[in-house]
Amino acid sequence: MSGRTEGGAVERCRLAIATPFATSLAFLSPTPAFAHASDRGHVLLLPTGYYVAGGALAVAASFLVLALLPPDFPARFWRRRLRLFAFGDGARAVVSLISFAGFAILVAAGLFGSRDPLSNPLPLAIWTLLWVGLVLLQGLFGNLWSWLNPWYGPGRVISRLFGNRKTWRPPAWLGCWPAFALFFAFAWFELIDPAPDDPARLAWAAGLYWLLSFAAMLVFGYRDWTRRGEFLTVFLAMVARFALLERNEGKRNEGGRNEVERKEGGRLSLCWPGAKLGDAAPLSLSGIAFLLLALSSVSFDGLSKTFFWLGLFGINPLEVPGRTAVIGIGSFGLVLTFVLLAAAFIIAIVLGQHLAGSPHSLSQAAGLLVWSIVPIALAYHVAHYLTALLVDGQYAMAALSDPFALGWNLFGTADMRIEAGAAAGAGSAWWLWNFQAGVIIIGHMLAVLVAHGLAWRLHPRPAGAALSQFPLTVLMIAYTVFGLWLLATPSVG
């Protein structure tokens, strides 16, 4: 496992592809560079064939059981709510401003703090706390990002100072293609760029992205840009639809809020996982592409490190030349994974529509059923990045206490002992594999449940709904096998 030294320099073995060098050297020669995920410290020797077969059978059985249940089962299942308490949006701008201040400090730490990505809080905050931890919390508790994002508060301050400015509404055909393009750039930077963990390099990228997004929000308006262009908000809003908590925002009438809406607005309710996907509107083509990209990019992150993938290009996985030497291969693989997943999904929808004799258009069916990808994408995200969260999360807690490497101990965690054994060793291998495999299997089973409920909106007849789901269920079974194979197959890190 990677370690933390007194001088802040961390050396990793060649097997992990992650020996830290200066950013300039990463571009000049095909040497190992920074990597943002914790290394897998073992080769799994469990009877994975039984797990793979069991996972595939569990997903198939869930489809058969749902096909035999009463037609109104999904609606009755999703309709149940347990009301909790209500709270308003009064503090949202304050929380966002605090988040912005924290983001600014992290960017400054990236520019002026330690060069070690395991001692500097910026890479750890972005790649571990945000991209792993917050996504998990978002999938459990709802749209926390709407409060934590660092643009809302500054935008409100600008509005107070200069009044409401006239904004330009982007054309409808643009959809969320800007968010798709930015998400692809983010995935490329995370997975392909030679040094995504270099603190200074990441600070420039994050700072420029904040400025460009804030400028776009001033031009197009906060609401329009966050729904079309700001990829983190688009992605996290999709993930939040799976959460166990639902917040009733209330609705405005021409005369303001009526009495019922005033009482219900802002009320939290406990619901079943995926319940909020049941009444989701069909996504546009750009929304479909965005959601499929979210799943395919995480899948390629796992695939790109396997002995199988490297062997396809004649690369000895025990003598990996470094990220700069595989930029072309990685870029090709990232695009190929998305294209193959999108093609498989569209073929499954076309076959399902044909089997059911559906009168609905392909865009309407695909736009609705693609919501069933959300549980799968969230499950893959959690399973794939779990080891990074367990180990790098500890480094993040330590680094946040001393963001500029000046010997501070703001939160009393600067000298905490890093327990790498949480993700290494025989005992950890057993429980990690079982947890990751269980998350993937349960995610696919919930996806079948979501697809079942959405299919009833397209095909009221029991036979039609079941037939329309069959090809999509076959695809989910195949992806279950693929996901479990990714977890079990030997990889370089």
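Modeller: Axes are lines fitted to C-alpha atoms, for helices over the stretch in contact, and angles run from 0 to 180 degrees between N-to-C directions. The model discussed here is a predicted one.

Biologist: How do helix α5 and helix α17 pack, in terms of the angle and the distance between their axes?

Modeller: Helix α5 covers residues 121-141 and helix α17 covers residues 373-401. Their axes lie 8 Å apart, and the helices pack at an angle of about 135 degrees. As for handedness, α5 passes α17 in a crossing that is left-handed.

Biologist: Which classes of residue make up the contact of α5 with α17?

Modeller: On the α5 side the contact includes L124, W131 and V135, while on the α17 side Y385, L389 and D392 are among the residues involved. Sorted by class, the contact has one charged residue and five polar ones, together with 16 that are nonpolar.

Biologist: What share of the residues of the protein count as buried?

Modeller: The secondary structure of the protein comes to three strands and 19 helices, and the protein exposes about 22,400 Å². Of its 493 residues, the share that count as buried is 52%.

Notes:
Residues are numbered from 1 along each chain as its sequence is written. This is a predicted model: local features need pLDDT of at least 70, side-chain atom pairs count only at pLDDT 80 or more; totals for chains, interfaces and linings use all residues. Side-chain values use heavy atoms; hydrogens and water are left out. Helices (H or I, at least four residues) and strands (E, at least two) are DSSP runs, numbered from the N terminus. A crossing is left-handed if the near helix is turned anticlockwise from the far one by less than a right angle, and right-handed if clockwise. Contact means heavy atoms within 4.5 Å. Ala, Val, Leu, Ile, Met, Phe, Trp, Tyr, Cys and Pro count as nonpolar, Asp, Glu, Lys and Arg as charged, and the others, Gly among them, as polar. Buried means under 20% relative accessible area, exposed over 50%, partly exposed in between (1.4 Å probe, protein chains only). Accessible areas come from the Shrake-Rupley method with a 1.4 Å probe; for residues, only the protein chains shown count as cover.
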